[in-house]
Amino acid sequence: MANHLIQQSLLLQHLAIDAITLVQNYLDQLGYKAQIHFELEGCYRFDNKVNQKLDFRQINQCLRQLNIEGEIVSEYWRNQWEYVSLFNGQTPLKEAQNLQQVIIKLPQLFQQLYGKNTVIETLIQPVVWSGDQGKLIAGSKQIFTNDTRAVHIPNAVQLNVSVLDRSGNNLIAEEGFGEYLQNCFLRTSLACCLLYLPEEAAFERLALKTRYGLAQELCSPVDISGGHQGSIALYKKLGKHDQNMGEEPLFYDSHNKVLSVQQNWQKTARIEHRLGAASIQYNPFINVLYGLMNVLDAVQAYEQTPHLLTDSFTPISLPRSLFTKTENAATLGAFDLFKASTWFSDSINLIEEKMTATETVVDCSMKLGDKIKQAILKQYQVSIFT
């Protein structure tokens with residue numbers, strides 16, 4: 001079974017790379033460039049229970065040597081880290097390769113660099129149970145009480161998306177385009193949640209705040225919502241915490257303190273898809289492809305009508321589980337939602353047809369989008385029935 005799953009994974013990766021390359025080339029022909037970047041959260045744990053902190057400089061040096069365009073930084077909770085993609089102009093395909101390398105290599109690097117005198121465990125998973133302790137004072141986001149109850153840490157994968165035109169202008173800052181692209185993600189995120197919530201623990205992550213009374217301590221999103229603070233956020237002038245976006249220092253004093261700033265929000269405007277769950281089963285190639293297909297929908301609409309209008313969107317709940325529960329079959333799980341949907345596969349099929357329309361070779365085999373969808377579903381079917 002293990003070998004079969006590995007073969008299925010390699011096949012899916014190969015198909016996804018083909019599709020990403022097709023879409024990148026098609027966008028190039030239209031005069032656009034998608035910029036996609038990842039953020040991945042995780043934790044580490046020492047077996048000797050010593051409250052050690054890691055110096056990530058060595059890890060980041062190793063990442064550079066591996067040609068991975070990103071770095072590891074500390075996150076909010078104890079022993080929590082975050083991989084943050086660097087803006088080096090990498091293609092979406094290279095960004096997927098970067099994250100894939102991080103998921104594979106980071107546990108090895110932690111062990112090599114810091115596991116000499118003690119065993120260190122690297123956790124890339126949706127929930128780290130009892131990962132920290134504490135209870136915030138009511139109304140505070142920083143000050144804790146003496147209550148040492150367990151905090152179960154949710155770990156996310158975030159997909160950040162912007163789009164450049166031929167002149168290098170960020171279309172997210174254009175009137176209507178960012179809103180339309182956000183609406184594309186809002187419309188497709190329910191049916192495609194299997195792609196970014198790839199295991200059952202990802203749905204336990206969504207229920208943490210209500211199930212364990214951690215709504216004040218945890219800020220991870222639990223439904224599909226828009227605006228500039230929702231789970232699929234559009235950041236233009238304001239960010240998630242109502243802070244000004246794109247502030248750049250202009251003048252410093254003699255103590256290197258910033259005296260004056262300018263706001264260049266047009267440069268940093270983006271969509272942040274904040275629903276993904278950290279997991280070794282998370283497929284960066286498939287999720288980059290998902291991002292690209294939404295970009296393509298928005299770009300094609302923009303080509304026809306530069307002044308795009310969007311409908312209002314009411315937040316909707318995500319599934320409660322990976323698979324449909326027999327006792328409540330009316331509420332489909334992520335697997336069945338994706339299986340019933342055709343947008344993802346049909347969109348890839350259409351681009352394949354457009355990009356191969358001039359080729360004289362007739363290929364009667366299954367279309368690329370259908371192959372990818374079948375390979376995604378088969379991974380779960382193999383794990384169930386084998």
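Visitor: What makes Cys193 count as buried or exposed?
Guide: Cys193 has a relative accessible area of 0%. Buried means under 20%, exposed over 50%, and partly exposed in between, with a 1.4 Å probe and protein chains only. Therefore Cys193 is called buried. This is a predicted model, where local features need pLDDT of at least 70, side-chain atom pairs count only at pLDDT 80 or more, and totals for chains, interfaces and linings use all residues. Residues are numbered from 1 along each chain as its sequence is written, and side-chain values use heavy atoms, leaving out hydrogens and water.

Visitor: How many disulfides does the structure hold?
Guide: The count is 0. A disulfide is a pair of cysteine sulfur atoms within 2.5 Å.

Visitor: How do you know whether Cys184 is buried or exposed?
Guide: Its relative accessible area is 1%.

Visitor: Which residues of helix H2 are buried?
Guide: In H2, residues 57-65, they are Ile59, Asn60, Cys62 and Leu63. They span an arc of only 155° around the axis, so they sit on the same side of H2. The arc is taken from the directions that run from the helix axis to the C-beta atoms. In an α-helix there are 3.6 residues a turn, so residues three or four places apart point the same way. Helices (H or I, at least four residues) and strands (E, at least two) are DSSP runs, numbered from the N terminus.

Visitor: Why is Asn79 called buried?
Guide: Asn79 has a relative accessible area of 15%. That falls under the 20% limit, so Asn79 is buried. Asn79 also has a positive phi, about 60°, though it is not a glycine. Its place is the loop between E2 and strand E3 (80-85).

Visitor: Which elements have the lowest and highest mean pLDDT?
Guide: Strand E10 (residues 247-252) has the lowest, 53, and helix H5 (residues 193-196) the highest, 98. pLDDT is the predictor's confidence in each residue, from 0 to 100. The chain averages 86, and 81% of the residues score at least 70.
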